[in-house]
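Please keep the sequence and the model in view while reading.

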Amino acid sequence: MPTEPTPKASLLPPGVTRAFVLVTVLFFLWGIPNNLNDVLIKQFMKSFAITRLQAGFVQSAFYLGYFLLALPAGLLMKRRGYKAGFVTGLILFATGCFLFVPAARSGQYAYFLTCLFVIASGLSFLETAANPFIATLGPAETSEPRLNLSQAFNPIGSILGVVVGTRFIFSGVELTSVQVAAMQSAGTYATYLHRETLRVVTPYLVLGSIALLWAVLILTTKFPAFVREKEAAAEQAGSWRALLAHKHFLFALLAQFLYVGAQVGTWSYFISYAQDYTHVSERSAGYLLTGTLAAFGVGRFLSAAIMRRVSPGKLMALYAAINVLLLLVGIFHPGRAGLYAILASSFFMSVMFPTIFALGLRGLGPNTNLGGGFLVMTIIGGAVLTPIMGLLAERSMASAYQVPLYSYLVIAAFSLYMTRQTRRPILIPEVKQKQRPGKPSGLLL
């Protein structure tokens, strides 16, 4: 007697659309400041007359905020739920944006680093809340494509951030050493630098206002009942020590650390790579960076669809291998060929963050929020690996791209490991909970 085909798991169950849309917009919002940093690095090199290594501390300050606040964000959500994490994050996000006004008036580079730290602290809450929230907002079987779909809107925000930064922060004025010397003799150089510094303020004021508006919208939205039930279960049964029993989760922490460093470093020095090897203007290089983000966005949308048919682990392993080849071209053939190879790598890196995140959360049950917090902490990779790339870039910009190349090798190994692991169920250790036949507990991912 023929058996009935198993119904395909839905991407979104009924009644969750409003919550899904509101939280998915957050992925778009935090993409803007993340990639405004790539513009700030080049702008601060000009307005504060600093080296590439010193400018790399923009990313260090930013991702240090992610690292230090991710675990407190996970603990807050364990006690108060996702909504508390979203609202707290948006308020911190807005505060950091508004602090750009006194920072610009002071004219001190360190003050801007403080602003970026506060912004990133808020984004740490948002990412710690949003990624596991989307992953649990439906069947476990569709967590990876669902998270990839939400994450697909992140590069749209990234593109907007670079376009806004290129248009409104870059002045298009690039002085030669002779012109700088002349302005210094005339006593007008300090005024020029201050004017360049002030150009960063307006975009952040607008961004801060939008963040406050979204905090109000989320605060007044009622989340689905099954989400609140999972939050209650996590508060009662969650334990961070149990996370250490999950080897796949520990491997995910390493893979995510290296991925974030690879992504942030690739984009942070893309403008410098373009100018060093193709001699384009800073604005033209900024628009080329927009092209990398467009490739990233297309990759996210296409990968979310492909994952409905192809194993996430296998797809990510293939993408990581392709990126190793592309970066070899970028390192050994600097110029237009290398530039376009690095640009293309953004398409293939697109799948990595949400897929590593979702695979790492599999089987964590009531520890999902805490696990999400630890995974967001690995964003410190952007703070650690970007200055290393900056140090290598002092010798040659192309050689700096060894850092993401080695990172993709480890990500490929993680992908293959998870492909083998997902052939058998990942069990939750020491969870004593009776379950009625035919009714899912809602804790497995």
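## Overall make-up

The accessible surface of the protein, calculated by the Shrake-Rupley method with a 1.4 Å probe and, for residues, with only the protein chains shown as cover, comes to about 18200 Å², of which 66% belongs to carbon and sulfur atoms. This is a predicted model, in which local features need pLDDT of at least 70 and side-chain atom pairs count only at pLDDT 80 or more, whereas totals for chains, interfaces and linings use all residues. Residues are numbered from 1 along each chain as its sequence is written, and side-chain values use heavy atoms, with hydrogens and water left out.

The protein has 21 helices and zero strands, both taken as DSSP runs numbered from the N terminus (H or I of at least four residues for helices, E of at least two for strands). Of its 445 residues, 59% count as buried, where buried means under 20% relative accessible area, exposed over 50%, and partly exposed in between, with a 1.4 Å probe and protein chains only. Among contacts (heavy atoms within 4.5 Å) between residues at least 6 apart in sequence, 85% join residues at least 24 apart.

## Nonpolar cores

A nonpolar core is a set of buried Ala, Val, Leu, Ile, Met, Phe, Trp, Tyr and Cys residues joined through side-chain atoms within 4.5 Å. The largest one has 133 residues, and those with the most contacts inside it are Phe86, Met352 and Tyr401. Helix H1 (residues 17-47) contributes the largest share of this core, 15 residues. Apart from it lies another core, of five residues, among them Val180, Met183, Tyr192 and Leu193.

Not counting residues up to four places away in sequence, Phe86 touches Val23, Leu26, Leu126, Ala129, Ala130, Phe133, Ile218 and Phe223.

Helix H18 (residues 352-361) is largely enclosed by the rest of the structure, because 10 of its 10 residues are buried. Gly363, which follows H18, has a positive phi, near 80°.

Helix H19 (residues 368-377) is mostly covered, with nine of its 10 residues buried. These buried residues pack against H3, helix H4 (82-98), helix H6 (109-135), H13 and H18.

## The largest cavity

The structure holds two cavities of 30 Å³ or more, a cavity being a set of points, on a 1 Å grid over the protein atoms alone, where a 1.4 Å probe fits but cannot get out, with lining residues having an atom within 4 Å of a point. About 240 Å³ of space lies in the largest cavity, the volume being the space filled by probe spheres set on the points, which are joined across faces, edges and corners.

The lining of this cavity consists of 21 residues, of which Asn34, Tyr63, Glu127, Asn154 and Gln263 lie nearest its centre. At least two lining residues come from each of H1, helix H3 (57-80), helix H8 (154-169), helix H13 (247-268) and helix H15 (282-306).

## Two individual residues

Leu385 lies in helix H20 (residues 381-393) and, at 9% relative accessibility, counts as buried. Leaving aside neighbours within four places in sequence, Leu385 is in contact with Phe257, Leu258, Gly261, Ala262, Val403 and Ser407.

His279 is placed in the loop between helix H14 (270-278) and H15, and at 66% relative accessibility it counts as exposed. Although His279 is not a glycine, it has a positive phi of about 60°. Most residues other than glycine have a negative phi.

Terms used. On a 1 Å grid over the protein atoms alone, a cavity is a set of points where a 1.4 Å probe fits but cannot get out, and a pocket is an open set with protein on both sides within 12 Å along at least five of seven lines; lining residues have an atom within 4 Å of a point.
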